[in-house]
Amino acid sequence: MSNAPILLTPGPLTTSSRTRQAMLVDWGSWDRDFNQLTASLCEQLLAIVNGAATHHCVPLQGSGTFAVEAAIGTLVPRDGKVLVLINGAYGQRLAKICKVLGRAYSTFETAEDQPTTAADVDRLLAADPAVTHVALIHCETSTGILNPLPEIAQVVKRHGKRLIIDAMSSFGALPIDAAHVPFEALIAASGKCLEGVPGMGFVFAEKNALAASEGNCHSLAMDLQDQQAYMAKTGQWRFTPPTHVVAALHEALVQYNEEGGLPARHQRYADNCKTLLEGMAKLGLRSFLPAEIQAPIIVTFHAPRDARYQFKDFYERVKAKGFILYPGKLTQVETFRVGCIGVVGAEGMQAAVDAVAQVLREMEVLDI
Ligand SMILES: *Cc1c(COP(=O)(O)O)cnc(C)c1O
């Protein structure tokens with residue numbers, strides 16, 4: 001497997017062989033050992049946000065979006081109203097979830113290179129008393145932009161509203177402390193900065209809010225209150241758990257702690273991001289976001305202007321040299337993206353930059 005390409009994508013991403021090896025065991029879903037694995041996992045995840053006193057960690061089968069939908073469906077009352085803050089595709093998805101679930105919502109959209117500000121949220125909440133919940137993407141993965149979560153959380157609290165945070169691509173790498181950043185729900189998943197494999201999400205749900213949501217969810221499988229209550233009673237997941245994904249994430253967390261936990265994970269990704277930005281700048285490739293609002297998770301680059309540049313061709317050639325890139329997700333400008341997360345360090349990022357340089361030479365792309 002050593003010649004398998006490195007995924008420079010925001011999940012699934014490159015995992016360690018130890019994490020993959022943890023999946024070579026079959027677990028019984030009712031078995032005490034597996035239940036202990038789940039309990040230990042939830043406890044460790046809660047510790048990362050310092051949420052043990054205030055929040056439950058509710059795991060859920062499926063990709064990250066399943067957990068986002070479950071959080072909104074469970075916690076937003078049927079007569080509630082969500083203010084959705086949007087500056088990219090994942091924010092758009094939040095609004096779509098509200099629409100499909102039949103929850104009232106309004107949207108506030110800024111350009112893809114403009115963070116939502118606390119002042120925006122203050123003004124919007126003052127203008128619409130019907131809003132019960134605010135939904136925010138912490139790091140909007142469609143560009144890599146970082147929204148100012150702590151400031152927005154304080155404003156939401158001051159207005160007596162509840163905050164739902166999609167922290168899918170930031171959790172585990174960017175610090176979030178539940179004791180200082182008030183939220184009703186924060187959502188993340190196994191296959192991003194914790195460097196597990198994809199297949200489960202988890203929601204940190206405020207204990208009282210979760211208890212109060214009994215019977216609110218429109219869906220049986222997506223009901224986080226029911227999932228949590230059942231787990232508290234039996235130690236088991238409702239419905240077949242993604243056993244191998246749980247075991248892999250548990251093993252990934254052992255390595256997370258060995259590495260030095262969140263500060264070390266953050267530092268490695270920040271170093272990756274710096275190596276990438278500096279290396280690409282030397283090639284003349286410009287990043288889409290200014291440094292102040294760039295999260296060290298994924299970087300969007302402007303595509304070269306040269307007509308000889310075609311993403312598909314570029315992608316295949318970089319892949320042949322061992323690196324998987326990611327297409328852009330912007331509608332207005334042509335871009336491509338490079339992830340900084342996963343089991344990769346600054347040396348690997350430099351090798352990726354070198355591969356990009358070689359490929360651009362091969363393609364005779366000059367007008368960058
Ligand atoms: C990855 C991601 C999701 C979840 O996407 P899935 O494809 O369902 O795993 C949601 N929000 C953000 C910000 C993400 O980066």
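A: The buried residues of helix α8 are covered by parts that include α2 (32–48), β2 (55–61), α3 (64–75), β10 (200–206) and α7 (207–212), where contact means heavy atoms within 4.5 Å, and where helices (H or I, at least four residues) and strands (E, at least two) are DSSP runs numbered from the N terminus. This is a predicted model, in which local features need pLDDT of at least 70 and side-chain atom pairs count only at pLDDT 80 or more, while totals for chains, interfaces and linings use all residues. Residues are numbered from 1 along each chain as its sequence is written, and side-chain values use heavy atoms, with hydrogens and water left out.

Helix α8 itself spans residues 224–234, and its buried residues are L224, Q225, Q227, Q228 and M231, buried being under 20% relative accessible area, exposed over 50% and partly exposed in between, with a 1.4 Å probe and protein chains only. Seen down the axis of α8, these buried residues fall within an arc of 165 degrees, so they line one face of the helix; the arc is that of the directions from the helix axis to the C-beta atoms.

As for the two ends, D223 caps the N-terminal end of α8, with a side-chain oxygen 3.0 Å from the backbone nitrogen of Q225. After α8 comes G235, which has a positive phi, near 80 degrees.

Elsewhere in the model, the largest nonpolar core has 48 residues, and those with the most contacts inside it are L45, L163, F171, L194, F202 and F204; such a core is a set of buried Ala, Val, Leu, Ile, Met, Phe, Trp, Tyr and Cys residues joined through side-chain atoms within 4.5 Å.

Terms used. A polar contact is a pair of N or O atoms within 3.5 Å; within protein, one must be able to donate a hydrogen and the other to accept it, and residues adjacent in sequence count only if both atoms are side-chain atoms.
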